[in-house]
Amino acid sequence: MFLVSPNFPEIAQPSIEFKTFPDGDSYARINDIEKCQGEDVILFHRLYPKQNTAIFNASQILHTLKRVGARVTLVSPYLPYARQDKTFLMGEALSAQVLCKLLADFGVVKLVTVDCHFLKKEGESEYVHLKIHNTSANKLLVEHARKKVGLEQLEVISPDQGANYLVSEFGGKSMSKVRGDYDKGKGEEAYRSVQKIERGFDVKGKNVLILDDMIATGSTMIKAVENVKKGGARKVLCAATHGFFLNDSLAKLKSISDGVFTANSIPNEVAEVDIVPLLKKEAGVQ
Ligand code: R5P
């Protein structure tokens, strides 16, 4: 059987309720909990946006399911904290491990997710005792780009080496990215700015799709678009699996490119590629 969180209405009518007590504490309830007793349960719940609340809500639901002996596959298309899988300064938390350990401890038998930042490959893996089934939206994104602009001749490239796995099956090349230290003067915001994007291949006169796993502040994608345009690319599209579009990055990307879109793992106004059928298939739900 499967359960649907209110933050995943594209799957089906929600079967879980979340409310907030007057003091801000979270309330969670599973309708028909008796049907979950001793069962294999597939839980569709987004862990982003509002990640800290979404993670706590997931813990409440997982704990409730554990109490009735259910075995849970969690389906969450974007895994927050996945970019904190390495430390940059001594003493930093490995938050990707913290989250995965928490999910495993709460009884998640398997996590089904899409373009998990630290895995960089499709298939089954194990990360701090959490079994992860990672799938990629790259084929759907490339197919959408081709339909959108009617361009068969499309060079599919990535803005950095980390995203090479997204483009390599299309014969795509990758640029390279240099990040700086944590920005001083950003107060409590932890951010390492993108200093430059370099390219060791020719894009002159070509139609280009720049593909990344995510667009967050947009700095990476904006610099990548500027780079290929300077290099003489003809049409430039940019796409990512997960689109946060922080600050004014969406407006900026729209103004400098010939199109920008993402999958709907994170709802946003250019989430044009529907990954719900892919998620259902990977999770084994018809
Ligand atoms: C990083 O390695 C990722 O693949 C993305 O390139 C990055 O997280 C995008 O972040 P931003 O939009 O803030 O540059």
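Reply: A salt bridge is a side-chain nitrogen of Lys or Arg within 4 Å of a carboxyl oxygen of Asp or Glu. This is a predicted model, in which local features need pLDDT of at least 70, side-chain atom pairs count only at pLDDT 80 or more, and totals for chains, interfaces and linings use all residues. Residues are numbered from 1 along each chain as its sequence is written, and side-chain values use heavy atoms, with hydrogens and water left out.

Me: Into which domains is the protein divided, and where are their bounds?

Reply: The bounds come from an automatic or database domain assignment. The division gives domain 1 (2-135) and domain 2 (138-272).

Me: How many salt bridges are there between domain 1 and domain 2?

Reply: Lys 139 and Glu 122 meet through their side chains in a salt bridge, at 3.8 Å from N to O. Between domain 1 and domain 2 the count is one salt bridge.

Me: How many disulfides does the structure hold?

Reply: A disulfide is a pair of cysteine sulfur atoms within 2.5 Å. The structure has none: for Cys 100, the nearest cysteine sulfur is that of Cys 116, 6.7 Å away. The number of disulfides is zero.

Me: Is Cys 116 buried or exposed?

Reply: Buried means under 20% relative accessible area, exposed over 50%, and partly exposed in between (1.4 Å probe, protein chains only). Cys 116 has 2% relative accessibility, so the residue counts as buried.
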